[in-house]
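Biologist: Can you put the model up? I have a few questions about side chains.
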Amino acid sequence: MLARVCERQTVCLRKLGEDRAEKVKFRRFLMNERVTVDKMVIRARARLREIAAGRHVLAIQDTSEINYEAKRGRKRDLGRVGNGRDVGLFVHPVLTVDAETGHCLGLADVQVWRRFKTKAADYRSSRLRKRNPIDG
């Protein structure tokens with residue numbers, strides 16, 4: 001499945017599978033309760049350790065918001081994204097790159113999370129009060 005993701009530059013299961021049987025196979029793998037993000041990250045990290053040995057590498061990290069509001073009716077178990085209304089999740093990957101060649105070596109870490117709490121209406125003013133208690 002990883003080879004197909006790299007080849008086709010997508011994670012959409014409908015686009016990854018050659019036929020219905022392969023699409024079902026990929027879905028069953030991902031829905032298996034023994035397959036977890038943590039286990040996939042551990043495997044990716046072990047593979048990366050071998051590839052990066054002896055190289056000067058850069059670890060590049062970012063946070064992305066994945067908004068599924070347009071598919072709200074078809075998606076389950078999602079939290080709220082940045083605007084506090086739409087449904088989705090957040091992904092915080094750490095990508096490792098060879099410092100000399102610029103080639104991507106792989107994923108060093110990833111955190112996927114959902115936000116269930118909503119922002120307080122006055123979150124900006126309460127945040128400022130917490131940072132500067134002397135002004136109180």
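Biologist: Is Phe 90 buried or exposed?
Modeller: Phe 90 counts as buried, at 7% relative accessibility. Buried means under 20% relative accessible area, exposed over 50%, and partly exposed in between (1.4 Å probe, protein chains only). This is a predicted model, where local features need pLDDT of at least 70, side-chain atom pairs count only at pLDDT 80 or more, and totals for chains, interfaces and linings use all residues. Residues are numbered from 1 along each chain as its sequence is written, and side-chain values use heavy atoms, with hydrogens and water left out.
Biologist: How many aromatic pairs are there in the whole structure?
Modeller: One. Phe 90 and Trp 113 are stacked, 5.5 Å centre to centre with 15° between the planes. Rings of Phe, Tyr and Trp (its six-membered ring) pair if their centres lie within 6.5 Å; planes under 30 degrees apart count as stacked, over 60 as edge-to-face and the rest as tilted.
Biologist: And how exposed is Trp 113?
Modeller: Trp 113 is partly exposed, at 33% relative accessible area.
Biologist: Switching to salt bridges, what is the count?
Modeller: Seven, each a side-chain nitrogen of Lys or Arg within 4 Å of a carboxyl oxygen of Asp or Glu.
Biologist: What does Arg 55 pair with?
Modeller: Asp 98, at 3.2 Å from N to O. Asp 98 is buried, with a relative accessible area of 8%, whereas Arg 55 is partly exposed at 39%.
Biologist: What is the partner of Asp 109?
Modeller: Arg 45, with the closest N and O atoms 2.9 Å apart. Arg 45 is partly exposed at 30% relative accessibility, and so is Asp 109, at 25%.
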